[in-house]
Each structure stands twice: as C-alpha cells, then as structure tokens.
Amino acid sequence: MPHPTLSPNSYSIRIPRAQFTSFLVLVVLVLLINHVMLQFFYYRLDAGHWVLRDMFDLDEEENLPTYYSSFALLVSAGLLATITLKKYQELDRFARHWFGLAAGFLAMSVDEVAGLHEALNTVMDIPWTAPAAVAIVIMALLYVRFLLHLPSRTRNGFFLAGMMFVGGAIVVEEATDWYLQSHSMHSLGYSLLVALEEGLEMFGIVLFINSLLEYMSPANVTVVQLEAE
C-alpha cells in the first residue's frame, strides 16, 4: 500500500483496523474478567485485597476501567472530528451531523471521568436514564437521513453499536435499579449486572470505532494525516 505524500510539516498516524480493534476487544475482555473474578473472590471466597478489587471494579470511578472507557470515547471523538473536517472541506451536506457526533462523544468522554450524569441523579427526582432515553429518541429522528445516506455496512455497524451501548447504559441499568429494590448493591448479583451493563457499553464503542475506521478507509489501514500551519 503506497504511503501518502506528506509535506515537510506533516505527520501521519497509521491505524491498522483489524489489529487495533482486536487490541480493544482484548482490553475489554481483560477488564471484564478481572472484575468478575475479583468480585467472585470477594463475595464467595472472602478473598482478595480491596485495593486490587477497587482498581478493576466497573462500578467505581477513578480506576482502570474508567480510564479505558474515557480513552475509547475520546478515540471515537477524534476519529469523528477527523471525518468532520474532511466533510466541511468537501462542503458535504451532512458535515454538521458528523460534528454533532464528535461533540457528543467528546462530552461522553468527559462525563466518564467527571461523573456528570451521576451528579444529575443527586439533583433530579427521576433517574437520569429517563431524559437520556428522550434525548436518544430525538437524536434518532434528527439523524434518520444521515444514517440512510451512509454505506449499508457502516450504517449497520453504527446501528448495532448504538443498540449495544444503549442496551447497557439504559436497559440494563433500569434492570439493575429494579434488582436493587430487593437486593443490596454489595452483592455478587449486582456486580454481575454491572459487568453486563459496562460490557455492552464497551463492546458497543469498540464496534463503533471499527465502523468508523472502515468508513474512513475500506482497506485495513486508516491513515490520519496531521499538518502544522
């Protein structure tokens, strides 16, 4: 595959899609397996150090899973921003839709480490999932034409990734709230529901990143060129 022609003030980032996606899948699997094993040791065998448990607890903040999730969302935002710039240069009629996605994923990346939606729960009388569900429906209506113009493979990838992410973030979280009506947060059952919720979200983002890379370059390697003014 020929290398792109670069000016003296340009750099390029080469992203091999298959290898990068496989790496993300491996990271997600490691995080999920560690969470489940450490929770099982804690609740069933009364073993394991609390520091190690907290480090991989998918329900905690400021730990390795939180860092990964924020990183994956930031990668998504960066890829979307790259596409947005190209679409604006081409005067593409859907450029603002790409911009909206880039801004949204950047906001989600910030929320992952800042815990904004958790803070909303402390000042609202209803769970944050209710307004989030309404926002998703509105966004879906606004993006119907955008989705229809995409190549079928990209559209299907976006749709499946979105279903996985929303299924974890809203559907499983609602099921978890129902579970907590008769069970404690400090239980193995709750920890397994957290693993299901976070696993769906993380695998959804991996699929979304893979779809973005494939959209940017049908070949296995996506090249992002950076130019200094």
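Phe 146 turns out to be buried, since its relative accessible area is 0%; buried here means under 20%, exposed over 50% and partly exposed in between, with a 1.4 Å probe and protein chains only. The model is a predicted one, so to speak of local features takes a pLDDT of at least 70 and side-chain atom pairs count only at pLDDT 80 or more, while totals for chains, interfaces and linings use all residues. Residues are numbered from 1 along each chain as its sequence is written, and side-chain values use heavy atoms, with hydrogens and water left out.

Phe 146 has a ring partner in Tyr 143: the two sit edge-to-face, 5.4 Å centre to centre and with 85 degrees between the planes. Rings of Phe, Tyr and Trp (its six-membered ring) pair if their centres lie within 6.5 Å, and planes under 30 degrees apart count as stacked, over 60 as edge-to-face and the rest as tilted. Tyr 143 is buried as well, at 11% relative accessibility. The count of aromatic pairs comes to nine, and ring pairs link a cluster whose members include Phe 146, Tyr 143, Phe 158 and Trp 98.

Then there is the largest nonpolar core, with 39 residues, where Tyr 68, Leu 80, Trp 98, Ile 209 and Leu 212 touch the most other members. Such a core is a set of buried Ala, Val, Leu, Ile, Met, Phe, Trp, Tyr and Cys residues joined through side-chain atoms within 4.5 Å. Tyr 68 touches Leu 24, Val 27, Val 28, Leu 31, Met 202 and Val 206, leaving aside residues up to four places away in sequence; contact means heavy atoms within 4.5 Å.
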